[in-house]
Amino acid sequence: MLLQVSDLSKSYGVKSVLSHITMQVQERDRIGLVGVNGAGKSTLLKIICGEMSADSGSIFKSKETRIGYLAQNSGLQSDRSIQEEMLAVFAALLETEQELRLMEQQIADPAMHDDEKRYQDLLDRYASRSEWFREQGGFEIETRIRSVLHGMGFGSFAPETPIHTLSGGQKTRLALARILLQAPDLLMLDEPTNYLDIPTLTWLEDYLRGYAGAILVVSHDRYFLDALATSIVEIERHAAKRYTGNYSRYIEIKAAEYEANMKAYEKQQDEIARMEEFIERNIVRASTTKRAQSRRKALDKLDRVDRPLGDLKKAHFAFEIERRTGKDVLDVQQLSIAFDGQAHPLFRDVEFRLQRAETVALIGPNGVGKSTLLKALIADKPRLVSGSIRWGANVQIGYYDQEQTGLTPTNTVLEEVWGAYAHLEESRIRTVLGNFLFSGEDVKKRISALSGGEKARVSLAKLMLQQANVLILDEPTNHLDLFSKEVLEAALMEYEGTLLFISHDRYFLNKMAERIVELTPTGTQHFLGNYDDMMEKKQEILELEALAAAEAAQKTGGSAPSSTASQASSYETDKQAKKEERQRQRRLEQLESDIARLEQAISDLEGELTQPDIYNDYVAVSERQQAIDDYKAELADVYAAWEELLA
């Protein structure tokens, strides 16, 4: 065990944030820490690493345990260059390397050979220090630095680049790179996926899966948690609870627990009602008074089950439109854009179209110009080098800016929204804000005092009231907690207008995108379907390119046609095998989902058969038994298909 948190509590004034938190971190744990914004996740990490004190409780860790903590959006502040800052992580190893170089000079000194004992002591010390240097990875320092910098998106940066010249997002990524190189025994990360594009996210997931230490990570990225976490700790209503498995498994277990607890509660309430009815009927009758009194005593001693609390209050909203657009919404042709003073365009030859009610995602690496393209579409233009942007008829655009630049810091929440829609009554504005979880005194908070998630909810409230028929959203899930993301997804899935959005949230892309446009410096690539569909298509393209290369080698080689033909055949066979494996995995997932559904249905029906109002009704029993038999027969077929695929 690396760390033990016992009965830890923390309050700010009269407001309790954490209450009696207990949790353990074992070696190689991969723990995802989840909860709504303001639940106390970041507070818990700060207490563990010693940046903040708890009101009560204790934290135990072994003396050898090294803890590394990266706070949310904590950019690296340094006067050094990128290379100097990364090398500083290995200061002890570099000192040892200098010591070894000095000892090598002494060993080569002929005068040292005259004193045999002193010479032997030097050789022994050199051997010992060399072994320690090797074991600590001294020979891999440069390789590790290059690997991590490349993975975190700094592969094209000159090593001597001064850190103070980097953007805020780049400094945050560099801080993450440094803590990865430090490799603490317990790595604690608070929202590490902010400001990471999809290639960097994928690299980080792979790196952390192979990480030698334990990981405790706060994240609202569901795809990331599914890929990395082996357990989830949820902080809800100031308390912590641990679930085994990744995020998707946690959602399943939590829902099943709530359903089981609700059934137990309802069953006990029915029993209590029957007991109270019996007591009321029989307490005044002389012949049954004793039985009624006995039943009353039993009722008083009953260990009552509390009603399950269920989910926390969520934001609730829907995007409506005033009128429909024409069928053709947007046509972008041969678009090239540059900033003033730039000799070369940021990107060129961009082409795509939008039609009514389409949901299209715009993706690409950081810095390629995605946000710039969206701003060009809404006429907040940088320099348009060439090409055209044509909007269709009856288009009304609603724009969501990830930087929240449209909010006035000095306004209150109520002033911000009401000021944009002054024609609406105050009661209507307050109702809307209540739907976005701003109630009571919350509406008097200044925009400047809000968290990132709260600012996002204010912007979404303004966007909802606009009733636009085309929504252009730049990273709409940034700063939103897991629950708010689900509400936003539900609202957008019901939206009847046209949606174009930027996102690095792969879970969101999978759920929302019907088509993906990938932006590159030289144009766009188009993919039907969601993120997983795109990745599958890209893999197929790579396989086809490899096959084409093999066929080209066969034509030009001449001397060994059988070999190149065999190679081409091998590529084709491998491609088909991979395709069949993907189909098999999808089928397995579907069958496993069917098994879980059928087993739950059977369990529910068998539970109903134990209820007195059911088992005393012959017809009801027959109906449920027949349904159970049908489900079991279907389940047997599903299991047979599942076992056949596993064979």
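The model is predicted, and its largest nonpolar core holds 46 residues. The open sheet is built from six strands with mixed pairing.

**Nonpolar cores**
- Within the largest nonpolar core, the residues that touch the most other members are F317, F319, L460, L471, L492 and F501, and the element that gives the most to this core is helix α14 (residues 452-466), with seven residues.
- Leaving aside residues up to four places away in sequence, L460 touches F317, F319, Y400, F436, L480 and L488.
- Another core of 38 residues lies apart from the largest one, and its members include M86, I141, I163 and L208.
- As a general background, nonpolar side chains tend to be buried together in soluble globular proteins.

**The open sheet**
- The strands follow the order β14-β15-β16-β12-β17-β18, with β14 (397-400) and β18 (523-528) as the edge strands, each of which pairs on one side only.
- On average, neighbouring strands of this sheet are turned by 15° against each other, if direction is ignored.
- Strands β12 (residues 359-363) and β16 (residues 498-502) run parallel and are joined by four bridges, and L362 has I502 in β16 as its bridge partner.
- Helix α14 lies across β14 and β15 (470-474), and it runs at about 180° to β14.

**Residue R249**
- R249 belongs to helix α9 (residues 247-282), and it counts as partly exposed because its relative accessible area is 43%, which falls between the limits of 20% and 50%.

Terms used
Residues are numbered from 1 along each chain as its sequence is written. This is a predicted model: local features need pLDDT of at least 70, side-chain atom pairs count only at pLDDT 80 or more; totals for chains, interfaces and linings use all residues. Side-chain values use heavy atoms; hydrogens and water are left out. Helices (H or I, at least four residues) and strands (E, at least two) are DSSP runs, numbered from the N terminus. Buried means under 20% relative accessible area, exposed over 50%, partly exposed in between (1.4 Å probe, protein chains only). A nonpolar core is a set of buried Ala, Val, Leu, Ile, Met, Phe, Trp, Tyr and Cys residues joined through side-chain atoms within 4.5 Å. Contact means heavy atoms within 4.5 Å. Two strands pair if DSSP finds at least two bridges between them. Axes are lines fitted to C-alpha atoms, for helices over the stretch in contact, and angles run from 0 to 180 degrees between N-to-C directions.
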